[in-house]
Amino acid sequence: MNAPAIIHDFYDAEDTRLAAMLPHLRFLDEALCESDLSVEKAVIHRPDEQFGFLHETAIIEYHGVLYASWYNCPETELSGYTPICGKRSFDRGITWSDLEILCDDKSETVLYCPPVYGICDDQLYMLVNQMVSPDHMHALDLYRLNNETAQFELLWSRPIPFKLNTNVVTLPNGKLMLPGRIAATLDGFPNTPAVLIADDGRIDTEWRLVKIAENGDLPDGKKLVHPELTVMQTEDTLFMFCRNDERHVPLAYASHDNGESWSTLCAHDVPYVGSKMYAGTLSDGRKYLVANIDTYDRARLAVYFTETGSRHFTKRQILFDSKQYPLEGAVACHYPAACEFDNKLYIIATLNYEWLRRGAVVFTLDLKDV
């Protein structure tokens, strides 16, 4: 955490001031190179008469099937009927099933957001948030896939004002972790970075809260806004990347004890801006990070890769660029999630045709080419 201050090209004066107050981490290798891989792209849901808006996607593989999900709204983000919807692919992402509603409240009292997945004891689970208004958390719900009926069934709903961010993470000590953020009160707005930990390594258990920071305060007097999190695991350290909408400084925390305690807030050199990120570890030990980069309008989405055993990214692949790599006229692509299956990395994201008309796209990368 002793790297020299990093000043990104997209900083304004206030960003520069905040960056100067923080310790710095470096994740980019000096020899970072741009890849030019053949990336398969499949738009798996487009805005239609039923749902014009889609957001906060998730994806996982289970028993050879790809499960993708998100929340939908008729027209406007988190307004009116807001169910969790999903599709499945039985042929490695080539074709996808019809849209199915996984959970909903037709009275429109409860808004659902977002889905995340986990696998434990050969069972597929889905966790979702209940909200009473946009980003005001009312409950954490757990569903389990019934393998006989192929339906997700509710196991429990608990009054935990914790906003989910990523699929369940398995820690080196066998415990499970959910990165996210917590509100001070039920039905409140979550702006404190935190994790939930399952000490017994089970998903259908009690989850213990560990705050990463005491609150969402920044050292320049501002507050974190939408501090969505994703964790990258290295041999002895967890690095928690943190989104921040108040300023545009890329942020991270570090833990050396499997998430029980965390460092002070740090700035770093990965140029992500204004959207959720998603990190993970491939089966061969390489790390990856998917993020919007360089521009505030989410018009560029990229994935970074390390070499095995390293935390430093050596390769970057641009997945979406509204100017260089147009996709059905979309203006933005953001809120990624990812999973590995059969030596391929599947990255799902929200695709914006207009700001309030959104679908979902899946990018597929053959890992033997990366």
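Leaving aside neighbours within four places in sequence, Asp104 is in contact with Tyr81, Pro83 and Tyr112, where contact means heavy atoms within 4.5 Å. Asp104 is found in the loop between β7 (100–103) and β8, with strands (E, at least two residues) and helices (H or I, at least four) taken as DSSP runs numbered from the N terminus. At 24% relative accessibility, Asp104 counts as partly exposed; the classes are buried for under 20% relative accessible area, exposed for over 50% and partly exposed in between, with a 1.4 Å probe and protein chains only. The C-alpha atoms of Asp104 and Glu228, which are 124 residues apart along the chain, are separated by 24 Å.

The model is predicted, and local features need pLDDT of at least 70, side-chain atom pairs count only at pLDDT 80 or more, and totals for chains, interfaces and linings use all residues. Residues are numbered from 1 along each chain as its sequence is written, and side-chain values use heavy atoms, with hydrogens and water left out.

The chain holds 1 helix and 27 strands, and its C-alpha atoms fill a box of roughly 55 × 45 × 40 Å along the principal axes. For 370 residues a compact globule would have a radius of gyration near 21 Å, and the 19 Å of the chain agrees with this; the radius is taken over C-alpha atoms, and the globule rule is 2.2 Å times the number of residues to the power 0.38. Buried residues make up 60% of the 370 residues, and of the contacts with a separation of 6 or more, 51% are between residues 24 or more positions apart. The chain exposes about 14300 Å², of which carbon and sulfur atoms supply 47%, as computed by the Shrake-Rupley method with a 1.4 Å probe.

Aromatic rings of Phe, Tyr and Trp (its six-membered ring) pair if their centres lie within 6.5 Å, and planes under 30 degrees apart count as stacked, over 60 as edge-to-face and the rest as tilted. By this rule the count comes to 12 aromatic pairs. The rings of Phe51 and Tyr81 have centres 6.1 Å apart and planes at 25°, so this pair is stacked. The pair links distant parts of the chain, with Phe51 in the loop between β3 (40–45) and β4 (53–62) and Tyr81, 30 residues away, in the loop between β5 (65–73) and β6 (84–89); both Phe51 and Tyr81 are buried. The rings of Tyr117 and Phe152, by contrast, have centres 6.4 Å apart and planes at 40°, so that pair is tilted. Tyr117 lies in strand β8 (residues 111–120) and Phe152 in strand β11 (residues 151–158), so the pair ties together parts 35 residues apart in sequence. Tyr117 counts as buried at 1% relative accessibility, and Phe152 is likewise buried, with a relative accessible area of 10%. Ring pairs also link Phe27, Phe239, Phe241 and Tyr272 into a cluster.

One member of that cluster, Phe241, is among the residues touched by Leu229 when those up to four places away in sequence are not counted, the others being Asn165, Thr166, Pro179, Gly180, Pro193, Ala194, Ile212, Met240 and Cys242. Leu229 is found in strand β17 (residues 229–233) and counts as buried at 0% relative accessibility. The C-alpha atoms of Leu229 and Tyr253, 24 residues apart along the chain, are separated by 9.8 Å.
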